Amino acid sequence: MASWEHFGEVANVAQLAGFDGVKLIAMIVKAANTARMHKKNCMQFAMHLKLIGNLLESLKISELKKYPETREPLEQLEDALRRSYILVNSCQDRSYFYLLAMGWNIVYQFRKAQVEIDRYLRIIPLITLVDNARVRERLEMIERDQHEYTLDEEDRKVQDVILKREPSQHDAIVLKKTLSCSYYPNMPFKEALRKENEKLQLELQHSQSNLDVSQCEVIQHLLEVTEAVANATSTVEKLYIDTNIEKKQYDSKSEKNAAASRNTSASVSSTYEWHTDLLGCCSEPLMCMHAMPP
């Protein structure tokens with residue numbers, strides 16, 4: 001969807017203008033290592049770009065940019081790498097619920113990015129400028145290095161839950177668990193939910209500024225999902241507190257009954273010991289009712 005690309009360009013492309021292809025690839029690899037969503041896609045993409053980075057490092061890029069026939073493709077390649085950095089970096093920084101909802105769109109962006117980068121690389125007539133067997137070998141290796149970008153099975157299941165029109169309380173608990181475990185593992189749940197809400201509000205602002213009605217509808221739904229998760233959590237916590245109170249009351253009553261039972265047992269035990277002492281000749285003495293004190 002165009003909105004994804006437009007958001008990235010507005011937010012970051014201008015900040016990346018000073019970096020060449022080799023530096024951009026290094027940044028993409030670093031971002032892939034810290035991605036919290038689409039980890040497999042990010043790592044596959046980064047490994048493919050490392051092959052391209054190795055090739056670019058072996059060439060004199062500044063020299064290639066002097067030739068009109070290679071300067072423009074190289075600049076287009078660098079633009080594609082800037083957009084790719086935004087894509088990979090987004091898998092760490094953007095809203096967890098949004099990344100889930102847009103899962104297949106992100107997969108499409110990875111596929112599109114690799115095809116685009118490889119196309120720009122192919123149209124650079126490197127062989128005519130650098131007639132080198134090692135360069136040809138690396139180009140062939142890049143050509144063979146194809147990957148299938150997809151959505152993980154677990155992410156598909158959570159995506160199905162998050163896109164329900166009216167998620168149930170059970171769905172909300174599932175989302176709470178994935179939010180806490182997958183995206184904000186070292187953060188209290190309420191704080192994680194607050195940050196998630198802030199990120200979604202930012203997504204909404206950008207979609208509204210781009211007049212993207214469909215995106216706004218999706219994000220409004222996701223905001224409702226965060227509210228449902230918060231409400232479900234509050235309900236469960238209240239139920240837990242009420243149950244705890246009832247348990248404490250039950251335990252207290254049980255303790256009183258147990259104490260009364262222990263007192264009775266102690267009295268009977270005392271009588272039992274006294275009666276046993278009196279009839280020491282019995283190996284298994286039995287209590288006699290008439291022997292108990294009045």
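Trainee: In which hand does H10 pass H11, left-handed or right-handed?

Mentor: In this predicted model, the crossing in which H10 passes H11 is left-handed.

Trainee: At what angle do H10 and H11 pack, and how far apart are their axes?

Mentor: Helix H10 spans residues 153–162 and helix H11 spans residues 169–183. Their packing angle is about 135°, and the axes are 10 Å apart.

Trainee: Stepping back, how many helices and strands does the protein chain have?

Mentor: The protein chain has 13 helices and 0 strands. Along the sequence, its pattern accordingly reads α-α-α-α-α-α-α-α-α-α-α-α-α.

Trainee: What share of the residues counts as buried?

Mentor: The buried share is 39% of the 294 residues of the protein chain. The accessible surface of the chain is about 17400 Å², and 54% of that area belongs to carbon and sulfur atoms.

Trainee: And of the contacts between residues at least 6 apart in sequence, what percentage joins residues at least 24 apart?

Mentor: For the protein chain, that figure is 74%.

Trainee: Back to packing. How do the axes of H3 and H5 cross?

Mentor: Helix H3 covers residues 39–58 and helix H5 covers residues 68–93. Their axes come within 12 Å and cross at roughly 150°. Angles over 145 degrees count as roughly antiparallel, which means that H3 is roughly antiparallel to H5. The crossing of H3 and H5 is left-handed.

Trainee: Which residues of H3 and H5 make the contact?

Mentor: On the H3 side they are Cys42, Phe45, Leu49 and Leu56; on the H5 side they are Leu77, Leu81, Ser84, Val88 and Cys91. By class, the contact of H3 with H5 comprises 8 nonpolar residues, 1 polar residue and no charged residues.

Trainee: What about H2 and H5: at what angle do they pack?

Mentor: H2 and H5 pack at an angle of about 15°, with their axes 9 Å apart. Angles under 35 degrees count as roughly parallel, so H2 is roughly parallel to H5. H2 passes H5 in a left-handed crossing.

Trainee: Which residues in H2 meet which in H5?

Mentor: H2 contributes Gly21, Leu24, Ile25, Met27, Ile28, Ala31 and Ala32. The residues they meet in H5 are Glu78, Leu81, Arg82, Ser84, Tyr85, Val88 and Asn89. The contact of H2 with H5 divides into 9 nonpolar, 3 polar and 2 charged residues.

Trainee: Changing topic, what is the phi of histidine 38?

Mentor: Histidine 38 has a positive phi of about 55°, although it is not a glycine. For context, most residues other than glycine have a negative phi.

Trainee: Where is the place of histidine 38, and is histidine 38 buried or exposed?

Mentor: Histidine 38 sits in the loop between helix H2 (21–33) and H3. Its relative accessible area is 4%; the limit for buried is under 20%, so histidine 38 is buried.

Trainee: What is the phi of leucine 211, and where does leucine 211 lie?

Mentor: Leucine 211, which is not a glycine, also has a positive phi of about 55°. Leucine 211 belongs to the loop between helix H12 (189–209) and helix H13 (213–278). Its relative accessibility is 73%, so leucine 211 counts as exposed, whereas histidine 38 is buried.

Trainee: What separates the C-alpha atoms of lysine 39 and aspartate 152?

Mentor: The C-alpha atoms of lysine 39 and aspartate 152 are 9.5 Å apart, while the two residues are 113 residues apart along the chain.

Definitions and conventions: Residues are numbered from 1 along each chain as its sequence is written. This is a predicted model: local features need pLDDT of at least 70, side-chain atom pairs count only at pLDDT 80 or more; totals for chains, interfaces and linings use all residues. Side-chain values use heavy atoms; hydrogens and water are left out. Axes are lines fitted to C-alpha atoms, for helices over the stretch in contact, and angles run from 0 to 180 degrees between N-to-C directions. Helices (H or I, at least four residues) and strands (E, at least two) are DSSP runs, numbered from the N terminus. Angles under 35 degrees count as roughly parallel, over 145 as roughly antiparallel, 65 to 115 as roughly perpendicular and the rest as oblique. A crossing is left-handed if the near helix is turned anticlockwise from the far one by less than a right angle, and right-handed if clockwise. Contact means heavy atoms within 4.5 Å. Ala, Val, Leu, Ile, Met, Phe, Trp, Tyr, Cys and Pro count as nonpolar, Asp, Glu, Lys and Arg as charged, and the others, Gly among them, as polar. Buried means under 20% relative accessible area, exposed over 50%, partly exposed in between (1.4 Å probe, protein chains only). Accessible areas come from the Shrake-Rupley method with a 1.4 Å probe; for residues, only the protein chains shown count as cover.
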